[in-house]
Amino acid sequence: MDGRDSCRLYEVLRQAHEVFMAQTGDVVYSIVSRTVSEARSSEARGVAVFTFLINWNRVWYERSPQGRIAFGNLGKHLQDLVNAIERVTPPLRMLKDDLMDLDPEDSRVKWLITLCFDALSRVCGSTGASKVLHLLRPRLFAMWDERIREAFGVSADANGYVEFLGRIKGLAERVVREYAEDLGLPLDKAYKKLEKELGVTILKAIDEYNYLRFTRGMRFPSLASQHAMPEEELRITGEKLQKIM
């Protein structure tokens, strides 16, 4: 069967985004992202990121010994976060802005990512580190959590995160390439157009998909498979999920 007879992968991401917003009603991400991008100091970025972590890194604060200690002294935790953001700012400037333009396996790139990831994970854990990195560079870093790591079969350390980024890059490239072919657009124009249609970066859309499928256990087709779920079945699945939740 021709792939065009199936729901396309970018349609899967679009459906996941719609379901994600219907389920979570999340406005924290957009507010924090805008604040971080406009902030002129590490303190301002730290406060914004701190707000996001309190909402979306809650499991770490509740269940991990390190997280419970941090939550017990939020003032110190915020200062530690600000200090960590200051430390990772110089190495982040040495990386390209977009994962599509980066080779995560390049030794210098891997060293810089490891440096940043380790500095942040010491303050807010492995999951939190990915979230902070994404907020600081939304087109370069992808978010994860424990369930997503398990699904991708990667470790929770910096090496696992580098491997994860490589896998996410492959998925993102496949989605954009498919979209470009269907619309007859160059890859760069297709990339920009798809993000505009989604209303979020490709990496954020993939994170929402991963969260729904792996963290929440919802039924979505695999982005890695040749053909996605037929469009009508996907639409019905989305409607059922919204009713269930």
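A nonpolar core is defined here as a set of buried Ala, Val, Leu, Ile, Met, Phe, Trp, Tyr and Cys residues joined through side-chain atoms within 4.5 Å, where buried denotes under 20% relative accessible area, exposed over 50% and partly exposed the range in between (1.4 Å probe, protein chains only). The structure is a predicted model, in which local features need pLDDT of at least 70 and side-chain atom pairs count only at pLDDT 80 or more, whereas totals for chains, interfaces and linings use all residues. Residues are numbered from 1 along each chain as its sequence is written, and side-chain values use heavy atoms, with hydrogens and water left out.

The largest nonpolar core holds 77 residues, of which Leu95, Ile113, Val132, Phe141, Tyr161, Phe164 and Ile168 touch the most other members. Helix 7 supplies the largest share of this core, 14 residues. In soluble globular proteins, nonpolar side chains tend to be buried together. Beyond its neighbours within four places in sequence, Leu95 is in contact (heavy atoms within 4.5 Å) with Leu102, Val109, Leu112, Ile113, Arg137, Leu140 and Phe141.

The protein chain contains twelve helices and zero strands, assigned as DSSP runs numbered from the N terminus (helices: H or I, at least four residues; strands: E, at least two). Buried residues account for 52% of its 245 residues. Among contacts with a separation of 6 or more, 65% join residues 24 or more positions apart. The accessible surface of the chain, computed by the Shrake-Rupley method with a 1.4 Å probe, amounts to about 12000 Å², and 51% of this area belongs to carbon and sulfur atoms.

Aromatic pairs number 17 in the structure; rings of Phe, Tyr and Trp (its six-membered ring) pair if their centres lie within 6.5 Å, with planes under 30 degrees apart counted as stacked, over 60 as edge-to-face and the rest as tilted. The pair of Trp144 and Phe164 is tilted because the ring centres are 5.3 Å apart and the planes lie at 45 degrees. This pair links distant parts of the chain, 20 residues apart: Trp144 belongs to the loop between helix 7 (107-136) and helix 8 (146-152), and Phe164 to helix 9 (residues 158-183). Trp144 is buried, with a relative accessible area of 0%, and Phe164 is likewise buried, at 0%. Ring pairs join Trp144 and Phe164 into a cluster with Phe117, Phe141, Phe152, Tyr161, Tyr209, Phe214 and Phe220.

Charged side chains also sit over aromatic rings (NZ of Lys or CZ of Arg within 6 Å of the ring centre and within 35 degrees of the ring normal). Arg149 lies over the face of Trp144, 4.9 Å from the ring centre, and the charged end of Lys204 sits over the ring of Tyr29, at 4.4 Å from its centre.
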